[in-house]
Amino acid sequence: MARKVYVTLTVKAIILADDDANVQEIIDELDYNFSDTTGKAEVLDTTLEESEITDSKLKEYDKATGPCPYCGRKEHWYNDVPLRAFCWGTEKKPHREWHKKVPGKLQPYKEA
Ligand SMILES: [Zn+2]
């Protein structure tokens, strides 16, 4: 006899990401696979239900630039010299480009 058990796991991941990578996008596209090593069970399915970026340089930038005034998104895409936060909304709800320079001492590029 086998029984189905639903388990909620909390997993902490350390991700080394490129400076210009969108960490939320990486999380959304993560491939993960849990498997039993005791031989007494089989993991039928796993779904990532919740994720939070707990510490990163990008999180500091996100905090400093604040939410997007158009869609309220708090995690941005970063590019440009000097470094800027960008948002265009989501694929389903796009909006015109918003960008804001990473302020003050967090700015990694010296201004000309
Ligand atoms: Zn936005």
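Two strands pair if DSSP finds at least two bridges between them. Helices (H or I, at least four residues) and strands (E, at least two) are DSSP runs, numbered from the N terminus. In this model, Arg 84 in S2 is the bridge partner of Asn 79.

The model is predicted: local features need pLDDT of at least 70, side-chain atom pairs count only at pLDDT 80 or more, and totals for chains, interfaces and linings use all residues. Residues are numbered from 1 along each chain as its sequence is written.

**The sheet**

Three strands form an open sheet in the order S1-S2-S3, with antiparallel pairing. S1 and S3 stand at the edges with a single partner strand each, so one side of each has no neighbour in the sheet. From one strand to the next, the twist averages 30° (axes are lines fitted to C-alpha atoms; angles run from 0 to 180 degrees between N-to-C directions). S1 and S2 run antiparallel and are joined by three bridges.

| S1 | 77–79 |
| S2 | 84–89 |
| S3 | 94–101 |

**The core**

A nonpolar core is a set of buried Ala, Val, Leu, Ile, Met, Phe, Trp, Tyr and Cys residues joined through C-beta atoms within 7 Å. A residue is buried if 20 or more other C-beta atoms lie within 10 Å of its own, exposed if 12 or fewer, and partly exposed in between, with C-beta atoms placed from the backbone. The largest nonpolar core has five residues: Leu 58, Tyr 61, Tyr 78, Ala 85 and Val 102.

**A loop residue**

Glu 52 lies in the loop between helix H1 (23–28) and helix H2 (57–65). Glu 52 is exposed, because 7 other C-beta atoms lie within 10 Å.
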